[in-house]
Protein chains: 2
Amino acid sequence: MKEIDRNNRVAIVGGTHGNEWIGAYLVKKFEQFPQLIQREHVEGFTLLANPRAFAAGRRYIDKDLNRCFRSENLADLTVSSYEENRAKEICTLLKPKCNSQTDWIIDLHSSTANMGITIIPVSDHPHNLRLAAYLSSINPQVRVYRWQGSEQEKSCLRSVCSLGCAIEVGAIAQGTIDARLFQQTEEIVCAILDYLNTVNQETVLALDYSLVIYQGIEAVDYPRNEKGEIQAMIHPQLQSQDYQPLHPGDPMFLTFEGEPIAYIGDSVVYPVFINEAAYYEKGIAMCLTNETKISKVMFTEALRDP
Amino acid sequence: MKEIDRNNRVAIVGGTHGNEWIGAYLVKKFEQFPQLIQREHVEGFTLLANPRAFAAGRRYIDKDLNRCFRSENLADLTVSSYEENRAKEICTLLKPKCNSQTDWIIDLHSSTANMGITIIPVSDHPHNLRLAAYLSSINPQVRVYRWQGSEQEKSCLRSVCSLGCAIEVGAIAQGTIDARLFQQTEEIVCAILDYLNTVNQETVLALDYSLVIYQGIEAVDYPRNEKGEIQAMIHPQLQSQDYQPLHPGDPMFLTFEGEPIAYIGDSVVYPVFINEAAYYEKGIAMCLTNETKISKVMFTEALRDP
C-alpha cells in the first residue's frame, strides 16, 4: 500500500474534555468552514467527542472520556455511564466511516498548566516521530511529551489510531478561550495537514532528524493528610515552570503554613502538567520527565517504513 | 455605641463558589489555626459557604449561591435548590451567632480574569471606603471595584452585612491553588483584621484620603449568533489587560475567523473581569468601568460617623 493511501483520512477531535474549549470551538469552526481541513491528498473530518460535557461546561458527565478506550472496556457489554457508551460510539464513528479507517488522529486538549504547545505522539511509531520532529523544526515553541507504554495511554481516545497525536496547549483556565492559543492550535493543525499532504505526494521533506522528547517517568501527588486533603501548593518558584529543569533540593511545594518542600531525587527532571486543575482528583500535582534525544536511526527506520 | 463594640466580629467566608479554592483553603487554614484571625479587639470566625459545591469542585450545585441573597428569595418558603436553602442557613449562621450580629464580612473569591488583588466594598458606607483607602495605601497592587446599587449586589452573599468587602484575586484557573495569590489573599485578610483592631482602639489612622474606585457601568457580552453560540473571543491585545484603559476603536474581540471587533464608545473605559470563566453562562465577556476619584469629603463624613 502506498503512503498516499494510508494517510489521507485525518480525524480532528475536540471537546474530549468538555471544559477544554479551544479544541471544541476549533472543531466548530472547521465544521463551519470544512475547506480549511481539506488538502489535495488529505481529507480532514471533525468530531466533537463529548457533546454533553461540552454543553454542561464540565470535563465529563459521569467518567473521564479519555480513560474509557481500553479494549476490555470497549468490549464490556455491561457499562452504563455516558462516557463509556460514548467511547463505543466514537470507535464506530472513527474506524469504519466511508469504508475507510481513520488514518491519523489529532486530539485537541488544553491545560491549566503552562504547557505551551505540546505534541503528544500516539505512539513511538516512526511516522509519529517524524511528524513531531517536523513540527518542532517549523515552530521552536513546540515541545514533545510522551508517557510511553503506560496503562493510561491505552485508555485514551487517541489510542484508537496508531498514527497521530494529541495537542495540549496552555496555560488556559477551563471553560474559557484564549485567542492566541486558539490561533496557535489552528496553525499546528493546519501544519499537520500540510505535512501529511506533502508526505502523501511522496515528497521527501528535509528534516534535520533531531528531536527532544520529554519522556514521562513519574507522577507526583500533592502532600496530603490521612483524610486525603491536600496540605501544600505548588511552590511559587515552580508554578508555570513546565519543561524547566528541577534539580534535587529545589523547592517543589509550599505548605499552607508557608514551609517549602524540596524535590528529593538523584538527578535533574523536567516537570510538566504542573498544577493542572483536572489532575487534583487524579492525585497528580505534576508529571516528571526526562529530556531524551531521539537518535537519527529511528527516523531512518521511518523512511524505510512501508 | 462605641466603634470598639461595632467592629469586633468579622466573618471570613470562603468557598462561596466551590471551584474558587484560594478562599476555601484559606478558610480551612484559619479553622486549623484560629489564632491567626484573632486580635485583641477583633474576633474573626470562618465560614465555608458552599461545602457541597467545594466537595464537587464546581461553582455551584443547583444555582449560583452568590445570587441567592435577595430579601424576597430569603423570605420565599417555596425554594427547593441546595443553594437557596443554604443561603437561608448562612443568614442564620452569620446574623445571630453568640447573640451578636456579624459586624464585618470578608468574602473571598478568585477569578480567571487578571484581577490582581481587587477589593469590592459591600457598600459605599464611609467605613468601607476608609478600609479600601487604607488597603490601597499599604499595597499599591490593591484595586477597588464597585458595581453600585445594582440588583445583582443585593443578591450577593456579602449583602448580609453593611460593612465589609469581597476580595477578588486572579488570574487563576478554577479548581486550582496558586501559592502566591494564596499568600497575598492571606496578607490582605490579616491587614483588614489589623486595621479593624486599630480602629477598635479608637486610634486615628493616618490616611491620605485618596481613593480610586473602578465603578462598573456596563457588562458586555460576547458576540453571539441566533442560537446564542459565541462567535468571537477576547482580542489578544485585551486579554489579561484588566484595569487598563480601553479607547474607542481599540480591538475588543476577535472572531473565530480572525476579524477584529473594535470597542465602540464615546470615552475611555477600564474593563475588568475580562474572560472570567463563570461569566460565559451569564452573558458577560467583561465589565466596563469608569475610573472614579473619591473626594475627601466622604472620608471626613466617615470620621464623624457614630
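1. In this predicted model, 24 residues of chain A are in contact with 24 residues of chain B. On the side of chain A that touches chain B, the elements that contribute two or more residues are α2 (21-32), α8 and β9 (232-234) of chain A. Of these, α8(A) gives the most, with 3 residues.

2. Chain A is superposed on chain B by a rotation of 180 degrees, with 0.0 Å of shift along the axis and an RMSD of 0.0 Å. The two copies are thus related as by a two-fold rotation axis. Within chain A, A:Ala173 has the C-alpha nearest this axis, at 2.2 Å from it. Both copies use the same surface, since 100% of the contact residues of chain A recur in chain B.

3. Within the single chain, the domain arrangement deserves a separate remark. Chain A is divided into domain 1, covering residues 3-211, and domain 2, covering residues 216-290. The C-alpha centres of domain 1 and domain 2 of chain A lie 27 Å apart. Their contact draws 12 residues from domain 1 of chain A and 12 residues from domain 2 of chain A. On the side of domain 1 of chain A that touches domain 2, there are 5 nonpolar, 4 polar and 3 charged residues.

4. A further point concerns a helix pair. What is the angle at which the axes of α6(A) and α8(A) cross? Helix α6 (residues 126-138) and helix α8 (residues 179-200) of chain A have axes that come within 11 Å and cross at roughly 125 degrees. Angles of 65 to 115 degrees count as roughly perpendicular and those over 145 as roughly antiparallel; α6(A) and α8(A) are therefore oblique to each other. The crossing of α6(A) and α8(A) is right-handed.

5. From α6(A), the contributing residues are A:Leu131, A:Tyr134, A:Leu135 and A:Ile138. From α8(A), they are A:Ile188, A:Ala191, A:Ile192 and A:Tyr195. The contact of α6(A) with α8(A) comprises 8 nonpolar residues, with no polar and no charged ones.

6. Finally, α8(A) links two of the topics above. Helix α8(A) packs its residues A:Ile188, A:Ala191, A:Ile192 and A:Tyr195 in the contact with α6(A), and α8(A) also gives 3 residues to the side of chain A that touches chain B.

Technical notes
Residues numbered from 1 in each chain as written. Chains lettered and ligands numbered in written order. Predicted model: local features only at pLDDT ≥ 70, side-chain atom pairs only at ≥ 80, totals over all residues. Domains from an automatic or database assignment. Contact = placed C-beta atoms within 7 Å. Nonpolar A, V, L, I, M, F, W, Y, C, P; charged D, E, K, R; others polar. Axes fitted to C-alpha atoms, helices over the stretch in contact; angles between N-to-C directions. Helix = DSSP H or I, 4+ residues; strand = E, 2+ residues; numbered from the N terminus. Parallel < 35°, antiparallel > 145°, perpendicular 65-115°, else oblique. Left-handed = near helix turned anticlockwise from the far one by under 90°. Least-squares fit on C-alpha atoms with pLDDT ≥ 70 in both.
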